[in-house]
Amino acid sequence: MQKPPLTYQQQLRYSRHIMLVQLDIDRQEKLWQSHALIVGLGGLGCPVAQYLAASGVGTLTLVDNDLVDATNLQRQVLYKQTDVGSLKTHAAKAQLTSLNDEIDIHTIDAFLDEQSKLDELLSNIDIVIDCSDNLPTRNLLNSACYKAKIPLVSGSAIRMEGQVACFTMKQHSHCYECLSQFFNEQTQSCSESGVLSPIVGLIGSIQATEALKILAGLPSGLSEHLLLVDGLSMEFNRFKIPKNSQCPTCSK
């Protein structure tokens, strides 16, 4: 649903965006009218949700069916000690509302494990930010986004490393499955391998940056590229993702 134009007070609130030549008031208005779907409210989803809410993305839908655990507090910065045992979506919505009560926040406390559910959900979404932690969900999101031609921003992190890739999902473009063909499901989780707290914040911040640019109509520097971040050596490497001519999703 179309929102009313930004008020004068809102223009003041987002003035540091509006002052940017690359954004200005028209692109801030685009952010205000946009609807972003964030799948996963763990270490990546927390900073993504915070920055999108603070930046004035008008509508957020948050998806996660997990409860806040004490071990999450080391890196999932949306949650407080008093949130332990609560649904992540409910705790996240409360924190995001206290940050910006002008935006609309919807929550889904369930796995997105069926294509039909995703197809219906994506009917009014402008971008999907994948902060999930398993390959089947990532591939399912990718397939639904390609079908609906909705941009996808994908991220992952473990130990002291992380990666980000963006996909426009335009006709004849690459998709996430062109990348995921090169690896299998991760055999170890953060609970088994560990993860450095700021790494997920760094990767999530990069995802939020790319999502905001795409929503505002700016080009993404990671479109069809993979950014690899090594937090130990602090090296950043970017690679072009080759389109798979046999990809079951984008090369049909």
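The structure is a predicted model, in which local features need pLDDT of at least 70 and side-chain atom pairs count only at pLDDT 80 or more, while totals for chains, interfaces and linings use all residues. Residues are numbered from 1 along each chain as its sequence is written, and side-chain values use heavy atoms, with hydrogens and water left out.

Helix 3 spans residues 24-32; helices (H or I, at least four residues) and strands (E, at least two) are DSSP runs numbered from the N terminus. Within helix 3, Q28, L31 and W32 are buried (under 20% relative accessible area with a 1.4 Å probe, protein chains only). These residues lie on the same side of helix 3 because they cover an arc of only 100° around the axis, the arc being that of the directions from the helix axis to the C-beta atoms. An α-helix has 3.6 residues a turn, so residues three or four places apart point the same way. The cover over the buried residues of helix 3 includes helix 1 (8-13), helix 2 (15-18) and helix 10 (197-216).

S34 sits in the loop between helix 3 and strand 1 (35-39). S34 counts as buried because its relative accessibility is 6%. A polar atom of the S34 side chain lies 2.6 Å from the backbone oxygen of K30. Leaving aside residues up to four places away in sequence, S34 touches V57, G58, T59, D126 and L215, where contact means heavy atoms within 4.5 Å.

The second largest pocket holds about 260 Å³ of space. A pocket is an open set of points on a 1 Å grid over the protein atoms alone, with protein on both sides within 12 Å along at least five of seven lines, and lining residues have an atom within 4 Å of a point. Of its 13 lining residues, M1, Q2, Q33, H35 and T59 are the closest to the centre of the second largest pocket.

A search of the whole structure finds one cavity of 30 Å³ or more, a cavity being a set of grid points where a 1.4 Å probe fits but cannot get out. The largest cavity has a volume of about 40 Å³. Strand 5 (152-158), strand 6 (161-167) and helix 8 (176-180) are the elements that give two or more residues to its lining. Residues lining the largest cavity include R138, S154, Q163, Y176 and L226.

Conventions:
Buried < 20%, exposed > 50% of the residue type's maximum accessible area, 1.4 Å probe, protein only. Points joined across faces, edges and corners; volume = space filled by probe spheres on them. Polar contact = N/O pair within 3.5 Å; in protein donor to acceptor, adjacent residues only side chain to side chain.
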